[in-house]
Amino acid sequence: MIFLIVIRLEQFFKDNNIILLPLISIFFYRKLYLPNIIIMKIKYSNLMTYKLFQFKLMQLIPQLEYVRKELQYSARFFQENKLYHSSKWAGELLLGMTSQEDINKSTFSQQYIQSNTDYMYTFTKVFQSEDNDILVVARNLYDLREFKKCSTLLQDQKDTNEQAKFLHYYSLYMFGEMRKEEEMFENNNSKTATNPEIKLLERELSRYYEQGQLSDLGLYLYGIVLRDTLKVKEAKQIFTQVLHQLPCLWSAWLELLKLLSEEDTGELENLRPHWMKNFWISSFYLEKFKNTQCVDTLLVLLYFFMKSNFVVNQLANAFYNNQEFEYSLQWFERLMTLDPYRYESLDTYSNILYIKENQGELASLALQAFSNNKYVPETCCVVGNYYSLMNEHAKAIQYFQKALTLDKDCLAAWTLMGHEFLELKNISSAINSYRNAVDIDSKDFRAWYGLGQTYSLQNMNQYALYYYSRAVISRPKDARMWNALAECYQKLDQKVEASKCYERAQNCKDKEGIAIHQLAKLYDAMQKPDLAIQAFEESLRRKDDEGLIDKDVSECLLYLAKAYRTRNTSRAIIMAKRLFDFNGPERDEANQLLSYLNQI
């Protein structure tokens, strides 16, 4: 396989322990990164016009030996304190670090890593497990999900031992969450169920916090309690404090990610300048659909963590969000090579195979996921997508419902089930599914878009207009959202608003070419011939570049032939002659036009 690598690098330099990103046209170095898949082109434009704070967020990576020591310590520390998700994340990142053998294969990689390493950073902590008989028994009880018994056992030690205090209150919180789930099950997923221990936890932990008697883990739990009681501002402050003390606590980073909006970018500067910030900022960009910035960040991280599931998964999702499905597919294939038994993000992988109508690959993925772990929502979504592609919509709905039984807040399942109900013309069920999706995440543009489609099919265009507007607010740089909004305005005969929406879609690089053609017809209807000619010419050029011959091409040729009759006779003749490639009234009109033009 031939690998084409064209790399244009601006000068690497350091400024106050900050990485300034290189300008890259195509990445990466074959020997270090992707030996088994095609190097993929990234479209970078105006990279150097990014805001200064975006560059400042990239922190230098310490020497790999200290990164390894810190991750080893964190994985063991979080495991002992029952924070299993953070322990797993640290452990997988540890296994994904670039080995010295891989670095030595590339002189360029050696130089890049050396020039972007923080040689001042050290980590010397050594993990030592606390020997305490009561704590050992309590930890076993926690693992056996006997949360109340675990909390009660530690009651007398919570004021003398920090680990005992955290586990006491954390077990109490988990007991309350278990009771909440039981109540929801008993009351048919009632949304009014709450954690019965939350008020006690808030009262106790706030008292310790005011007295300065909360450890770093205690602060993390206090932040979770504040989040659950909807005290967002206070929760953000607490999680920020936690990350200053425990920068490798990935769960705290994720909690902060959920609470921050795009308007809170100024607060990012307040976060501790730690190398973990790089991973979080990539997640922040991905969450806010800033896909180019996300990729920029991940490209740097890939040098240091070439086998990291997290980095490869983030890249796959970033390309998916940017509708670069070919590139995303290759990253997902790489991810499955690294971790064939994973189930996280498989639903997104299956979405790409569904869009590309790759029935064989989707069937293989569904079988693999079902064999590995059939009782997770992601597997159910993959199987549901397979049945949807096979036009077995009833079976697809069954699997999406299974996903929701396993996780009532599975956003993908609600949205995909809405699509299936729409296929079956079950409008009320589709609306209910989409509404549940937006209740879970009000920024989910897919659900808003689905609601817009549902009402548009019923010719309830005012309602559709509202929902498409919400989709545009959630995804302002997606041409598909602007096209849908413009079409809705057209149905309401609001040509000016429709043209503005199509212009926005065109500015958002409408890949399907819908916006420019519709815009041309609108300009014609609004009696703006100069703009209409420009738009039809652009639409025709795009169609010619793609090698397409369809109705849109005939409309472009016919309009331009007529428009150029009095402006550019030779151009009009060329357009009219091309109309002979079509059968029907276009050919007759072409004959009339040529007859008229030949008489001039």
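**Entry 1: model.** I am working from a predicted model.

**Entry 2: helix pair.** I started with α2, residues 64–80, and α3, residues 84–95. Two packed helices are described by the angle between their axes and the distance between the axes. I looked up both values. The axes of α2 and α3 come within 8 Å. They cross at roughly 155 degrees. Angles over 145 degrees count as roughly antiparallel, so I logged α2 and α3 as roughly antiparallel to each other. I also noted the hand of the crossing of α2 and α3, which is left-handed.

**Entry 3: who meets whom.** Next I listed the residues of this contact. From α2 come Arg68, Leu71, Gln72, Ser74, Ala75, Phe78 and Gln79. On the α3 side they meet Tyr84, Ser86, Ser87, Ala90, Gly91, Leu93 and Leu94. I sorted the residues of the α2 contact with α3 by type: seven are nonpolar, six polar and one charged.

**Entry 4: the loop.** I then moved to Lys82, in the loop between α2 and α3. Is Lys82 buried or exposed? Its relative accessible area is 7%. The cut-off for buried is under 20%, so Lys82 is buried. I checked its side chain for polar partners and found Tyr84, with a polar contact of 3.0 Å between the two side chains. Setting aside neighbours within four places in sequence, I find Lys82 in contact with Arg139, Tyr142, Asp143, Leu167 and Tyr170.

**Entry 5: Asn461.** I looked up a residue in helix α24, residues 461–474. Asn461 lies in this helix. I read 11% relative accessibility for Asn461, so I counted this residue as buried. Not counting residues up to four places away in sequence, Asn461 touches Ser456, Cys488, Lys491 and Leu492.

**Entry 6: positive phi.** Most residues other than glycine have a negative phi. I looked for departures from that. Glu357 has phi near 55 degrees, a positive value. I placed Glu357 in the loop between α17 (346–355) and α18 (359–372). Its relative accessible area is 62%, and Glu357 is exposed.

Lys425 is not a glycine, yet has a positive phi of about 60 degrees. Where does Lys425 lie? I found Lys425 in the loop between α21 (411–423) and α22 (427–440). With a relative accessible area of 61%, Lys425 is exposed.

Conventions
Residues are numbered from 1 along each chain as its sequence is written. This is a predicted model: local features need pLDDT of at least 70, side-chain atom pairs count only at pLDDT 80 or more; totals for chains, interfaces and linings use all residues. Side-chain values use heavy atoms; hydrogens and water are left out. Axes are lines fitted to C-alpha atoms, for helices over the stretch in contact, and angles run from 0 to 180 degrees between N-to-C directions. Helices (H or I, at least four residues) and strands (E, at least two) are DSSP runs, numbered from the N terminus. Angles under 35 degrees count as roughly parallel, over 145 as roughly antiparallel, 65 to 115 as roughly perpendicular and the rest as oblique. A crossing is left-handed if the near helix is turned anticlockwise from the far one by less than a right angle, and right-handed if clockwise. Contact means heavy atoms within 4.5 Å. Ala, Val, Leu, Ile, Met, Phe, Trp, Tyr, Cys and Pro count as nonpolar, Asp, Glu, Lys and Arg as charged, and the others, Gly among them, as polar. Buried means under 20% relative accessible area, exposed over 50%, partly exposed in between (1.4 Å probe, protein chains only). A polar contact is a pair of N or O atoms within 3.5 Å; within protein, one must be able to donate a hydrogen and the other to accept it, and residues adjacent in sequence count only if both atoms are side-chain atoms.
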